[in-house]
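Here's a quick briefing to read with the model open beside you.

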Amino acid sequence: MRAIVLDAPGPPEALRYRELPVPVPLEGQVLIKVRAFGLNRSELHTRLGLAEGVTFPRVPGIEACGQVAACPGGEFEVGQQVFAMMGNMGRTYDGGYAEYTCVPASQVIPFRSELPWSTLGAVPEMLQTAYGSLVGALDAQPGQSILVRGGTSSVGLATAILAKQRGLLVFSTTRSPGKREALTAAGVDHAIVDDGDVASQVRRIMPGGVDLALELVGTPALPDTLRAVRPRGVVCFTGMLSNEWLVKDFYPIGYLKNLVRLCAYSGDASDLPAPVLQGYLDGVSAGKFGVPIDHVYGFDEIVEAHRKMESNGAAGKLVVVV
């Protein structure tokens, strides 16, 4: 099979194409014929040498979608459509940047859809992260308000779509005025250009502050995001688009705003219920909402795809079709 291999951290060109043996699954594992996969910041962190616990050489990729090619334990039927994600894919064992990937059955979720693979490839990790953050961590309820910091990322756009479905008032940010249209297309009520002082812009519209906030930019933006939230409101730290996730000399009373609560989300496949996934795909098929995709690349275009991801130039998901 063809696979994309990273021998050591480096620039996009460090991703090399190799011929590797097709993995042989053991009981409890699933061999998947990969049809498409989405790109994630986690893979950028791996390529830049920022991720912990990664061994090399490695086939990157924390997600993939395709069809079951073999399943010795019988957990899934051969030919069944499936998503695979997380569980150290692309870190301690080879991931989705290949024509076949072999993963634990616990990381696999079945689905049924006639959507093209180029669309399906955008869904698994994006939806899992958005749903887990919004519903699991923030416990978002109809009528509440939410600020999505880093709103033109794929997770940010998916969160806006899910939040509007649940009846929330959505504020969302972008650093580029040219990307505001992507926010409004996702249903965002208040599209904000991030000038570093988003809290003031939010409070001019909602003086008391928003109920909830999702932090996708990272620690450089977190203090300002905390200032945008009302007392007893909740901020969820999920993403690190800035590639910065540590707070130096953290003093909680000085750092956190009075009565504002801070939590984090870093979920797994088990955090995305199969009915939620299927309902989302069915909604897309019915035209109720879209999938926020920036660009679809061919398998031979991984270097170009990683360049786009690293430049933060995308408004939505980057997908590779195998």
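Let's begin with a side-chain pair: Asp194 makes a polar contact with Arg149, side chain to side chain, at 2.9 Å. Keep in mind that this is a predicted model.

**Around Asp194**
- You'll find Asp194 in the loop that runs between β10 (190–193) and α6 (198–205).
- Is Asp194 buried or exposed? Its relative accessible area is 16%, and the cut-off for buried is under 20%, so Asp194 is buried.
- Setting aside residues up to four places away in sequence, Asp194 touches Arg149, Thr173, Thr174 and Arg175.
- Arg175 sits 19 residues from Asp194 along the chain, yet their C-alpha atoms are separated by 4.7 Å.

**Around Ser153**
- Ser153 belongs to the loop between β8 (145–149) and α4 (154–165).
- With 14% relative accessibility, Ser153 counts as buried too.
- Its side chain reaches the backbone nitrogen of Gly156, at 3.0 Å.
- Which residues does Ser153 contact once neighbours within four places in sequence are left aside? They are Leu216, Leu241 and Gly316.

**Helix α1, tucked inside**
- Helix α1 covers residues 41–48, and seven of its eight residues are buried, so the rest of the structure largely encloses it.
- The buried ones are Arg41, Ser42, Glu43, Leu44, His45, Thr46 and Arg47.
- What covers the buried residues of α1? The cover includes the strands β1 (2–6), β2 (15–19), β3 (29–38) and β4 (63–70), along with helix α10 (302–310).

- Phe56 and Pro57 are joined by a cis peptide bond, with omega at about -5°.
- Pro57 lies in the loop connecting α1 and β4.
- Look for Asp249 in the loop between β12 (229–237) and α8 (252–255); at 78% relative accessible area, Asp249 is exposed.
- Asn312 is another non-glycine with a positive phi, about 60°.
- Asn312 is placed in the loop between α10 and β15 (317–321), and its 30% relative accessibility makes it partly exposed.

**The chain as a whole**
- How many helices and strands does the chain have? The secondary structure comes to 10 helices and 15 strands.
- For 322 residues, a compact globule would have a radius of gyration near 20 Å, and the chain's 19 Å agrees with that.
- Along its principal axes, the C-alpha trace spans about 60 × 40 × 35 Å.
- Buried residues account for 53% of the 322.
- Take the contacts between residues at least 6 apart in sequence: 70% of them join residues at least 24 apart.
- The chain exposes about 13300 Å², with carbon and sulfur atoms supplying 52% of that area.
- On the charge side, there are 28 positive and 32 negative side chains, and the centres of the two sets lie 6 Å apart.

Key. Residues are numbered from 1 along each chain as its sequence is written. This is a predicted model: local features need pLDDT of at least 70, side-chain atom pairs count only at pLDDT 80 or more; totals for chains, interfaces and linings use all residues. Side-chain values use heavy atoms; hydrogens and water are left out. Helices (H or I, at least four residues) and strands (E, at least two) are DSSP runs, numbered from the N terminus. The radius of gyration is taken over C-alpha atoms; the globule rule is 2.2 Å times the number of residues to the power 0.38. Buried means under 20% relative accessible area, exposed over 50%, partly exposed in between (1.4 Å probe, protein chains only). Contact means heavy atoms within 4.5 Å. Accessible areas come from the Shrake-Rupley method with a 1.4 Å probe; for residues, only the protein chains shown count as cover. Lys and Arg count as positive and Asp and Glu as negative; His and the chain ends are not counted. The place of a charge is taken as NZ of Lys, CZ of Arg, CG of Asp or CD of Glu. A polar contact is a pair of N or O atoms within 3.5 Å; within protein, one must be able to donate a hydrogen and the other to accept it, and residues adjacent in sequence count only if both atoms are side-chain atoms.
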